[in-house]
Amino acid sequence: MRSRVCALLIGTALLAAACAAAETTAPTPAPASESGTAASAGGQTADRAEDAPDDSPAAATAQPDAPGTTTASDTDAVVLNPRDTGKLRNFLGYTFPPAPEVPTGQLQRTVLNDLNMVWSGLLRGGIDGDAVAQLGRTGDPRLAWIVADLLRFVPPGELTDGAVSAFQSLTGVRLFDDPVARRSPWQSVTDHLLAWDLPVFDGYPEYKQRLFTLIEPGWQPFFDDTDSDIDWRIVSWGGVLIDNRELGDPRPCPRGCIPALDNPGVTDAEDGSWYPDDGVVFAVVLGDEARAYPRHIMEIHEMINDTLGGQRIGMPYCTLCGSAQAYLTAEVPDGVATPVLRTSGLLSRSNKVMYDLVTKSVFNTFTGRAISGPLRERGVVLPQTTVVTTTWGEWKAAHPDTTIIASDGGIGRSYPFNPLGGRDDNGPIFPVGDVDERLSVQDQVFGVVLDDGTPVAFGVEAARAELEAGSTVELAGVTLQLDGGGVRAVDADGNPIEGHQSFWFAWSQFMADTLLWEP
């Protein structure tokens, strides 16, 4: 029964492509579709790992207009956080229309019956587009979250058509007015819901659990904590399954995942000549040890558990966010085992969802705060240390005693130098909702969070130019300094302030009230 359902929801070709790309070398470029998006069979992109959005350009011409329109609510049913302009826009400049009016309380019995019909069809392997489209005739926009979840898993065709029709009917949105929808209806639908901060109905997480665990039973522990701080609305599938291999297991995931690299092999700077001087590294200094982590290796593993300067660190790299971070994983309360960080295969606003292999607790990857499971109950927040993003040549010149990850990772593996092949060159490929337009979405920023919780960000390119010209770069008591071609932060007394780089869209959506330095 499970195999029938999985075949229905994902399609053998999609899962095989995602898993194979995650476990091999660089993906084979797919031919460009008419919309200009690289597409595989079924019209879906063939990027690796957590990176394969659902594309169905054919659906863009097949969908009817939404019947009628819905006016914005003047009530407090939907809480929005508009920018100063009052307009919410996506990264391509599309302005989101006003949010639909949303009822409160339990779903009406007839609405619940229609929803349960769809879920019964999932279990029988007999769901059709008409049943999904029927959700749009319920008049309850909260079901749009269910529609978005279904769109993520179903292949282009009748089911996609039914889901898009349902979304348009529920919200009054002409979906394909949004250029994002022309490459991925799912991404556009979810962007709308995120931008609106649309509420869900009571019981939504249970329906999401039933759908997601059909695909990956290993996600069940994430749903078990009913008091978790996970906002299930913003959690989506990243295209691969869970990495639940034991610590130190060098083998690929048998079912397809992004495999963390544990205790990697390293070499000194001289023996690191295998890596080009202009190659990007993520560099960390702890105690009297410095280490460089080459970006192309991080793009394959996206997670490293390592020991540096006598301290245990976990280092996630979200390729979609351009964000490498370093957490001190041994700094946990007494009685708590050192977490072993793993990639779940899930995303939250285009950021990887990491979890602890030992306790199955989920973390907010951007902040290090445990948001579910035993570690949430213990109030665990993993402290960070600074990650400097620079080039190998500049880093080893500034830190001649540095080490670098061995060319084979210490596990006998070969790594292509450009495994992503420019995948992120045209903006986010997963939902992020509205964007902060003070910078471009993929501008690199260096961000820190002050002791009082205030986030502060600096555009890296402009800040580095100012520093190289001898100027001071300072905001809110945070001063940037050059380090091996990259930047790090200190306070007024010269004490280090932990920070890291990321794309602007990622920093600004997780740190919505961030201060932004201007040259």
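**Entry 1: cysteines**

I started at C253, which is buried at a relative accessible area of 8%. I use buried for under 20% relative accessible area, exposed for over 50% and partly exposed for what falls in between, with a 1.4 Å probe and protein chains only. The model is predicted: local features need pLDDT of at least 70, side-chain atom pairs count only at pLDDT 80 or more, and totals for chains, interfaces and linings use all residues. Residues are numbered from 1 along each chain as its sequence is written, and side-chain values use heavy atoms, with hydrogens and water left out.

What is C253 joined to? A disulfide links C253 to C257, S to S 1.5 Å. My cut-off for a disulfide is a pair of cysteine sulfur atoms within 2.5 Å. C257 is buried too, with a relative accessible area of 0%. I searched the whole structure and found one disulfide.

I then checked C318, which is in no disulfide. The nearest cysteine sulfur to that of C318 belongs to C321, 3.2 Å away. From the C321 side, the closest cysteine sulfur is in C318, and 3.2 Å is too far for a bond. C318 counts as buried at 2% relative accessibility. C321 counts as buried at 0%.

**Entry 2: salt bridges**

How many salt bridges are there? I count 20. The rule asks for a side-chain nitrogen of Lys or Arg within 4 Å of a carboxyl oxygen of Asp or Glu.

I looked up D149 with K208, a salt bridge at 3.2 Å, N to O. D149 lies in helix α6 (residues 144-153) and K208 in helix α9 (residues 204-215), so this pair ties together parts that are 59 residues apart in sequence. Helices here are DSSP runs of H or I with at least four residues, strands are runs of E with at least two, and both are numbered from the N terminus. Both D149 and K208 are buried.

Next I took R233 and D197, where the closest N and O atoms of the salt bridge are 2.8 Å apart. This pair links distant parts of the chain, 36 residues apart. R233 is in the loop between α10 (220-224) and β1 (235-237), and D197 is in the loop between α8 (185-196) and α9.

D424 counts as buried at 12% relative accessibility. R423 is buried with a relative accessible area of 10%.

**Entry 3: T365**

I placed T365 in the loop between β12 (362-363) and α12 (373-377). T365 is buried, with a relative accessible area of 3%.

Which backbone atoms lie by polar atoms of the T365 side chain? The backbone oxygen of K352 is 2.5 Å from a polar atom of that side chain. The backbone nitrogen of M354 is 3.2 Å from a polar atom of the T365 side chain.

I listed the contacts of T365, leaving aside neighbours within four places in sequence: P316, Q325, Y327, N351, K352, V353 and M354. Contact means heavy atoms within 4.5 Å.

**Entry 4: L308**

I found L308 in strand β6 (residues 303-308). L308 counts as buried at 0% relative accessibility. L308 and L286 are 22 residues apart along the chain, and their C-alpha atoms are separated by 6.2 Å. Not counting residues up to four places away in sequence, L308 touches V284, L286, E289, A290, R291 and I313.

**Entry 5: a four-stranded sheet**

I traced an open sheet of four strands in the order β18-β19-β20-β21, with antiparallel pairing. Two strands pair if DSSP finds at least two bridges between them.

Which strands stand at the edges? They are β18 (474-475) and β21 (496-497), each with a single partner strand, so one side of each has no neighbour in the sheet. Strand β20 (residues 486-490) is joined to β21 by two bridges, and the two run antiparallel. A489 stands opposite I497 in β21.

What packs on the sheet? Helix α14 (residues 460-468) does, touching β19 (478-483) and β20. The direction of α14 makes about 75° with that of β19. Axes are lines fitted to C-alpha atoms, for helices over the stretch in contact, and angles run from 0 to 180 degrees between N-to-C directions.

Note on methods:
A polar contact is a pair of N or O atoms within 3.5 Å; within protein, one must be able to donate a hydrogen and the other to accept it, and residues adjacent in sequence count only if both atoms are side-chain atoms.
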